[in-house]
Each structure stands twice: as C-alpha cells, then as structure tokens.
Amino acid sequence: MAKSIVIIGAGAAGLQAGRRLSAAGFRVILLEAAAEPGGRIRTLTPKSFSTPAEGGAEFIHGELPLSLGLMKEAGIVLQPVNAVMVRRPGGGDVAASDAGPAGSAAGPDAEGVMGADWGALMEAMAGLTEDLPIAEFLATHFGGERYAQLRQSVRRFAEGYDLADMDRASTMALYKEWSGEEGEEEWRPVGGYGRMIDFLAAECRREGAELYCSTPVSEVSWEKGHIAVTTDRGQVFVADTIIVSISLGVLAMGGLRFVPELPQLDEAVKQLGFGSVIKILLEFKRAFWLDGKPEGRTLFVLSDQAAPTWWTQTGEENCLLTGWLAGDRMRRFQQLDETARLESCLQSVAAIFSVDLEGVRGELEASMILDWSEEPFVRGGYSFETVEAARARTILGQAFGGTLYFCGEALYEGAAPGTVEAALQSGWDVAERVIARL
C-alpha cells in the first residue's frame with residue numbers, strides 16, 4: 001500500500017508539495033481551512049470587479065524559474081509590468097522615473113526616489129561584517145539630523161515593501177535583496193494569479209490527491225511513522241507523514257495544537273519575521289490618472305498621504321487602482337471604522353492625483369479593503385528576514401520524528417524572499433525530502 005501523507009494548507013507551498021508527492025505515487029490528502037485553496041493568493045473575480053483584481057500576490061519579480069515554469073505549463077500569458085515610479089509627497093505632478101521591482105525603489109533611479117544618501121547607505125550596508133537589526137545599523141552609521149530624511153525613507157521602504165520590523169529586520173538580508181533587484185523585469189499573470197492555483201489544484205486531483213476545503217485543523221497527534229489530524233468538526237485523518245504549510249501568523253497565534261508538543265517550536269516561530277499589510281482595491285468609472293501615466297506602463301505613486309502607495313494596471317482602459325498600507329500608517333488606518341477607511345482612501349487618491357474629492361466619490365464603482373491581519377487563516381502578509389531567522393529555519397527545517405515537516409515561504413533561504421516563488425520552492429524542497437526518506 002502507498003504511503004499516505006496529510007498536508008495542512010493548500011496555498012502555493014502545500015499545493016506544490018501535494019502535486020509532487022501525488023505524482024510520485026503517495027496517497028496525499030490536502031486540508032485547507034478556507035473555502036478555496038490559494039492562501040495569500042486571492043484573485044477576485046468579476047463578481048466583485050469588472051476585471052480580475054488581485055487581493056493578495058500580484059507580481060512575478062524577475063526570472064523566477066518555478067513561477068515562470070508553472071505559468072508556461074498552465075498556458076498563462078504574462079504581461080510585462082513596465083513600472084514607472086513617481087514621488088508625490090503632497091499631491092500634484094512630479095516627473096516620473098523608471099523603477100526597479102514593482103513597488104520598490106531599488107532600480108536605476110533609486111536615489112531620485114529615496115534621496116541622495118541612498119548610495120552611501122548601500123555602500124555602508126555592503127561593508128557590514130556582522131549582522132544587526134536595520135534600526136541599530138542606521139542609528140550607528142547614519143545618526144543625527146544630517147540623515148533624518150534617509151532614516152525616514154529607509155523605514156518607509158523596509159516597512160512598506162518588506163513588511164519589516166525595523167528593530168528585528170536583518171541589515172545584511174535587506175542589502176542582499178535591495179542590491180539584487182536592479183533592472184529586473186516583472187510580470188502580472190493575465191487573468192490573475194488564481195489561475196496558477198487552479199492549475200496546481202487540478203494537477204493534484206489529476207494525480208489522485210484529495211483536496212478538502214473549509215476544513216480547519218485544530219490538533220495534530222504524532223509519533224514516528226504515524227499521525228492523526230483532528231479538524232474543528234471532529235473529523236480525523238490518519239496518515240504516515242504530515243506536512244504543515246500553514247501561515248506563520250497562524251502558527252504564531254497558536255492556531256494549531258501538537259500532541260506531543262514540539263520542542264522549540266514557539267521559540268523558532270517568534271524568531272522568524274512576519275509582517276502584515278492592507279491592500280485596497282478601488283475601481284472607478286474612468287481612469288482619471290491617465291494624464292500622469294505613460295502609455296503601456298504601470299504607474300506607481302509614493303506619497304505622504306494617509307494611504308500613501310498606489311499603482312495602476314498597465315492598460316489604459318483598466319480603471320482599477322490598487323493601494324498598499326503597511327507599518328505605522330497601517331496601524332493608524334486600522335483604528336478607523338469601515339466608512340472612515342474608505343473615506344481616507346478616497347481623500348488620499350484625490351490629493352495624489354489633484355482631482356476633486358466629490359468627483360472621486362462619484363466616480364467610484366466598486367471597492368474592497370483587505371486587511372490580511374484580520375484574515376482568520378492567514379493573520380498577516382509575508383515574512384521578512386530577521387537576524388535570528390537562519391537559526392529558526394534550522395529548527396523548523398528538521399523532520400520531527402522523521403514524520404512531521406514544515407514548509408512555506410518563511411522557511412525559504414534563496415534570493416526571492418517573501419514571494420510566491422519562495423512558497424513554491426519550499427513546497428518542492430519538502431516534497432523531495434519526504435520522497436528521499438520514504
């Protein structure tokens with residue numbers, strides 16, 4: 001009889017592992033707490049908007065082999081992002097500059113967006129011989145009033161793009177990420193990232209895997225060579241091996257009980273960084289931002305508004321505007337009620353694009369504000385590298401009793417942290433380890 005494997009979580013990592021293992025002849029059971037697979041990939045269908053809109057992951061950042069290979073295999077067309085970034089501190093027109101990665105400022109004109117001291121910062125980061133948190137690094141090397149603007153820019157960038165806690169984020173990891181991003185091409189999957197999830201789920205089923213959604217797991221009882229998984233509804237699934245691919249945010253909140261308890265699990269989870277983000281989707285009757293948007297490009301706008309970061313779609317006919325909130329601004333935004341949140345977004349958009357607020361209200365067709373910290377089966381956005389992360393990954397990367405494994409983008413160690421690629425690679429790697437052991 002084929003060995004049986006339960007995978008908790010049917011996001012990108014869990015589905016990737018499930019596909020590989022079921023194709024290798026194992027009996028695979030995927031248990032997903034949410035109503036549909038995907039995890040932090042959430043493509044909203046035309047039921048909510050007139051065009052597919054990404055509530056979660058949206059971009060493919062550079063030449064990522066697993067992501068690009070899956071898209072090709074699934075027959076998904078990729079649209080170049082062709083990013084162009086502008087800085088509009090208080091609204092009004094500012095000349096655009098070519099950007100690097102979508103939403104980042106580490107590209108060819110980084111100093112134009114981040115300030116004249118950005119080059120000196122990168123040089124100092126490159127010379128670091130012992131890692132330390134980025135806040136401590138800035139206080140040591142760029143203290144005083146002279147570098148106040150630089151420190152503010154780095155904080156906004158690290159918190160906004162990397163979802164990083166300044167007191168915990170690794171300076172060396174941030175340097176590696178920021179210095180390696182320059183000039184990378186980026187793409188959006190036409191029709192949405194959800195098409196890749198649909199493809200992976202269909203492949204799992206085609207290979208004989210069983211996928212159960214709306215099936216939250218409450219307890220994992222394990223011993224060497226045997227596991228029993230109990231769901232919130234009292235269902236019990238028994239197998240030889242288990243792979244846990246749930247969100248780090250859920251693990252940190254103690255959302256899954258292990259019997260017996262796993263040594264060092266809580267400590268390792270706390271040592272990993274996991275930030276949160278609010279994503280805002282506003283669809284209007286017309287794209288009133290076209291005067292400042294070069295044709296065939298995706299316009300990214302950084303500002304000092306309450307909702308500071310926005311981007312467009314590439315095509316001129318698309319009337320969807322996407323906002324992004326992290327760090328201190330996100331925490332202030334979270335104090336508002338639902339009505340005040342939307343009003344804050346509309347006020348920010350009106351100021352950034354120098355249009356009448358009443359006109360913006362009247363142009364609004366559909367809206368959605370997704371606070372990922374409030375998503376019950378996610379509880380956050382994506383991981384960031386801490387000074388202690390390598391030690392934590394060593395703990396979570398072991399095979400407990402040769403029977404219990406963890407995977408997910410937070411356990412990835414490559415050059416594309418915090419991405420779907422990281423999740424796919426982690427899922428593939430854990431599947432290979434299970435195959436080699438069994």
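The model is predicted: local features need pLDDT of at least 70, side-chain atom pairs count only at pLDDT 80 or more, and totals for chains, interfaces and linings use all residues. Residues are numbered from 1 along each chain as its sequence is written, and side-chain values use heavy atoms, with hydrogens and water left out. Helices (H or I, at least four residues) and strands (E, at least two) are DSSP runs, numbered from the N terminus.

**Parallel sheet**

- An open sheet is formed by five strands in the order S10-S2-S1-S14-S23, with parallel pairing. Two strands pair if DSSP finds at least two bridges between them.
- Strand S10 (210–212) and strand S23 (404–406) are the edge strands, each pairing on one side only.
- On average, neighbouring strands of this sheet are turned by 15° against each other, direction ignored.
- Strand S14 (residues 241–244) and S23 run parallel and are joined by three bridges. Ile 242 has Leu 404 in S23 as its bridge partner.

**Antiparallel pairing around S17 and S20**

- Strands of a sheet pair through backbone hydrogen bonds, either parallel or antiparallel.
- Strand S17 (residues 278–284) runs antiparallel to S20, with six bridges between the two. Bridge partners are Lys 279 with Trp 324 in S20, and Ile 278 with Leu 325 in S20.
- Four bridges pair strand S19 (residues 309–312) with S20 in the antiparallel sense. Thr 312 is opposite Leu 321 in S20.
- S17 also pairs with strand S21 (residues 364–371), in the antiparallel sense and over seven bridges. Here Glu 283 has Ala 366 in S21 as its bridge partner.

- Strand S20 (residues 320–325) has six of its six residues buried, so it is largely enclosed by the rest of the structure. Buried means under 20% relative accessible area, exposed over 50%, and partly exposed in between (1.4 Å probe, protein chains only).
- In a regular strand the side chains alternate between the two faces of the sheet.
- From S20, Leu 320, Thr 322 and Trp 324 point one way, Leu 321, Gly 323 and Leu 325 point the other way, and all are buried.
- S17 is mostly covered, with seven of its seven residues buried. Ile 278, Ile 280, Leu 282 and Phe 284 point one way from S17, while Lys 279, Leu 281 and Glu 283 point the other way.

**Val 349 in H12**

- Val 349 is in helix H12 (residues 338–352) and is buried, at a relative accessible area of 0%.
- Not counting residues up to four places away in sequence, Val 349 touches Leu 282, Phe 288, Trp 310, Leu 321, Val 355 and Val 360. Contact means heavy atoms within 4.5 Å.
- The C-alpha atoms of Val 349 and Ser 303 are separated by 10.0 Å, with the two residues 46 apart along the chain.

**Packing of H2 and H8**

- The axes of helix H2 (residues 65–74) and helix H8 (residues 194–206) come within 10 Å and cross at roughly 75°. Axes are lines fitted to C-alpha atoms, for helices over the stretch in contact, and angles run from 0 to 180 degrees between N-to-C directions.
- H2 and H8 are therefore roughly perpendicular to each other, a class that takes in angles of 65 to 115 degrees; under 35 counts as roughly parallel, over 145 as roughly antiparallel and the rest as oblique.
- Leu 70, Met 71, Glu 73 and Ala 74 in H2 meet Met 196, Phe 199 and Leu 200 in H8.

**Cysteines**

- The whole structure has zero disulfides, a disulfide being a pair of cysteine sulfur atoms within 2.5 Å.
- For Cys 204, the closest cysteine sulfur is in Cys 213 at 11 Å, too far for a bond. Cys 204 is buried at 1% relative accessibility.
- For Cys 345, the closest cysteine sulfur is in Cys 319 at 18 Å, too far for a bond. Cys 345 is buried at a relative accessible area of 0%.

**Backbone geometry in loops**

- Most residues other than glycine have a negative phi, and most peptide bonds are trans.
- The peptide bond from Val 259 to Pro 260 is cis, with omega near 0°. Pro 260 is in the loop between strand S15 (257–259) and helix H10 (265–271).
- Ser 354, not a glycine, has a positive phi of about 55°. Ser 354 lies in the loop between H12 and helix H13 (357–363) and counts as exposed at 52% relative accessibility.
- Arg 379 has a positive phi near 60°. Arg 379 is in the loop between S21 and strand S22 (383–384) and is partly exposed at 31% relative accessibility.
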